[in-house]
Amino acid sequence: MPAFHLWKGSWGGGGGGGWEKGGKVKIGRAEQREIVQRRAQREWVDEHFRCAGFGRRCRHDGSSTRSTCRSHARRFTVLALESSADDTCAAVVTSDRKILSNVVVNQQAFLKEYGGIHPYVALHAHQRNMPGAVQRALREANLTVNDVDGIAFTLGPGLPGCLSICGNAARTLAAVLSKPLVSVHHMQAHTLTPLLTSPPSEFPQFPFLTILVSGGHTLLLLASSLTSFRILATMLDESIGNAYDKVARLLNIPFDGRCAGAALERYCASPLLAGEVVDGDVPEIKMPRPMPGRLAFSYTGLHSTIERFLHARGGTVDERTWLDLARSFQHAAVGQLEAKLVLGIRQCAAQGVQVKSLVVSGGVANNAVMIGWAAMYRFMASDTDEYSIESCPVWSLEDLNKPGPPTDTERM
């Protein structure tokens, strides 16, 4: 990567102005951020992964591990907050890949009562839960808020009201404590989670494909770097997670403290009768195959098929049929993921892109943890946000490096 100068000072001209040197160089805000992030990601990989005993000696002093490297004598600690949907999350993570705490407060009782996420109910639940989640995360990490070096939060995408809870909490804490603030794209955080949770020998290598499945999204992504993503396929109607939830409710599957999707998966794996072997055979109930040969996801047809099947029989079927319906849906839903993945791999190969790894991500187990980790490389590069940055409920991952909504300073 060519060398560059990072200019310091105030932007001139208002709006999207830039800096000039000798009338030859002009870098706008988006271009400057992309340069900073690309440099940060290269240095982050070189200095914070490979010198941490991941197969290469530290380039700073030749030591074999980061713990003996003088340049890494002090780790960076991040308090991260997340509330983009129905879980209130807070976590503390460090630059040396340590998860000091991970707090998730779910809303399963409300999900079951309202048949899914109710935005107004979820908003008020986040308001009640966030203070306690932050307090617990710090307590379990054995830290005070003053011990934290930076604060990260989910900027988007997500439900507008829900995003405002983690955003307001993070901005206020950072401003009062004079801590650096970094906002994170929720889908980027999902994609980069394996760089935290996987053993170093199993780190995905760029470029890699990611199947990202959650309650609100179904995406097939090509990740070329920590900050560069291309969407190969997205959902045309609803996500796989949403379809799982609807089918679980149609089949009256008991939640037993789980989310609807997890309850359905467990039900599919359970034997109907004592001694029955669940061998994974394709059930006999025919399900649609949406858009074969096309890189796009569609799940509305699957749950609609289940709904029509039950309606035609007055909602009364035997236990064997209930189980076959659940297994038929799950087989078709997962099969669609597999089919689109094959198409994506073929498309990459046709375009000369050699995919080196495959990542399957999503869910809520590490929600705030992944936000803190995705923010880490920006903290390391001192690429932080203003305290007035606004949430982005709608935000494509392909627009990660483009400016978000204008801050109060930029409006003036």
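First, the ground rules. The model is predicted, so local features need pLDDT of at least 70, side-chain atom pairs count only at pLDDT 80 or more, and totals for chains, interfaces and linings use all residues. Residues are numbered from 1 along each chain as its sequence is written, and side-chain values use heavy atoms, without hydrogens or water.

Start with the sheet. It is open, has 4 strands, and runs in the order S10-S9-S8-S11 with mixed pairing. Strands here are DSSP E runs of at least two residues, helices are H or I runs of at least four, and both are numbered from the N terminus. Two strands pair if DSSP finds at least two bridges between them. At the edges sit S10 (229-234) and S11 (357-361), each pairing on one side only. From one strand to the next, the twist averages 20°.

Now look at S8, residues 208-213. S8 and S11 run parallel, joined by 5 bridges. One of the partners: Phe208 bridges to Ser357 in S11.

What lies across the sheet strands? Helix H10, residues 319-350, lies across S8, S9 (218-223), S10 and S11. H10 runs at about 155° to S8. Angles run from 0 to 180 degrees between N-to-C directions, and axes are lines fitted to C-alpha atoms, for helices over the stretch in contact. Contact means heavy atoms within 4.5 Å.

Last, the helix pair. The axes of H7 (240-250) and H8 (260-269) come within 8 Å and cross at roughly 65°. H7 contributes Tyr244, Asp245, Val247 and Ala248; H8 contributes Ala260, Gly261 and Leu264.
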